[in-house]
Amino acid sequence: MRSSVLSRIGAWIIATALLLLSGCSALRFTYNQGPVLAYWWLDGYMDFTDEQSPQVKQALADWFAWHRQTQLPDYATWLASVRALAFEKVSAAQMCAVSDGAQRRLDAAYAQAVPAMAVITRTITPAQIDHLEKRYARKNQEVARDFLQPDLAERAEASLKRTVDRAEMIYGTLDDSQRKLLADGLAVSPFDAQRWMVERRARQQEIVRTLRRLIAEKADVPTVEAAVRRFEADAMSSPRPEYRAYVQRLVAANCELAAQLHNSMKPAQRQHAADKLRSWEEDFRALAAD
């Protein structure tokens, strides 16, 4: 499911998501701390045991080593191709192609993690699944506060602020006309926060049910690997046809709005975008060389 131009999927691709989506000014430092940050983030969901912790930490260290050596050079090359669009007029199809390029890289990062995820998943306990379910519930309350404000005007204002913040991460400060362009686009967007939350909860429930079944059946590694791959596949393309159709409409609308916003940019804003992308490109190359 993609409710924005780029989506984040899977706990094990946290580092990639940080790099592609965060815009952190201390990107190199953040990446170098990635194994530790990822461990604590995962532990918040799974509450690893003393026996599991070393295995998880080693899996994360191995994943980051693979990612640094094989993925970061590709990210740099890809960002250079994206940067070439900074001074051009773009179409919605081109914006979707940028999104798809990022998603393919996230998919590769997730796929690399699947074997280790499957091995560790086979060791989790019913109590840890209970912990995960409670963590989902708490997180959903936070998300609802951010996306499902009872007052619709407040909800629209929050949506606009999130979108402006993401745009300004790339282009720098937007002017009033560009903010209005975004506000008008969001006002007619097919995005439905309530529908998104229903789907989000449904996926979480499916994950919990699947984990309970796998543990109860003492499933073998290939079976667990297939289930873990299914988690990502369902996140990317819902098993519910009506939701898949909704996402297709939403992605098309997002790409169109992103293209309109990009084409409204002044030369200084385009230069800001080019400089930002170049800085990330340089960071990726430096990290790959470390």
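**Exercises on a predicted model**

The buried residues of α3 are Gly-34, Ala-38, Tyr-39, Leu-42, Asp-43, Tyr-45 and Met-46. Buried means under 20% relative accessible area, exposed over 50%, and partly exposed in between (1.4 Å probe, protein chains only). This is a predicted model: local features need pLDDT of at least 70, side-chain atom pairs count only at pLDDT 80 or more, and totals for chains, interfaces and linings use all residues. Residues are numbered from 1 along each chain as its sequence is written, and side-chain values use heavy atoms, with hydrogens and water left out.

**Exercise 1. Helix α3**

Task: Work out where the buried residues of α3 fall when seen down its axis.

Solution: 
- Step 1. Locate the helix. α3 covers residues 34–46, 13 residues in total. Helices (H or I, at least four residues) and strands (E, at least two) are DSSP runs, numbered from the N terminus.
- Step 2. Check its length. From first C-alpha to last, α3 reaches 18 Å, close to the 18 Å expected at 1.5 Å a residue. The expected span is 1.5 Å times one less than the number of residues.
- Step 3. Look down the axis. The buried residues of α3 fall within an arc of 155 degrees, so they line one face of the helix. The arc is that of the directions from the helix axis to the C-beta atoms.

**Exercise 2. Positive phi**

Solution: 
- Step 1. Phi of Asp-47 is near 50 degrees, a positive value in a residue other than glycine.
- Step 2. Lys-218 is not a glycine, yet its phi is positive, about 50 degrees.

**Exercise 3. The disulfide**

Task: Find the disulfide, and describe its geometry and its surroundings.

Solution: 
- Step 1. Apply the rule. A disulfide is a pair of cysteine sulfur atoms within 2.5 Å. The count comes to one disulfide.
- Step 2. Name the pair. Cys-96 is joined to Cys-255, with an S to S distance of 2.0 Å.
- Step 3. Assign the hand. The link of Cys-96 and Cys-255 has 105 degrees about the S-S bond and is right-handed.
- Step 4. Cys-96 is buried, at 18% relative accessible area. Cys-255 is buried too, at 4%.

**Exercise 4. Ser-53**

Task: Is Ser-53 buried or exposed?

Solution: 
- Step 1. Ser-53 lies in helix α4 (residues 52–83).
- Step 2. Compare with the cut-offs. The relative accessible area of Ser-53 is 11%, so this residue is buried.
- Step 3. Ser-53 and Tyr-243 are 190 residues apart along the chain, and their C-alpha atoms are separated by 37 Å.
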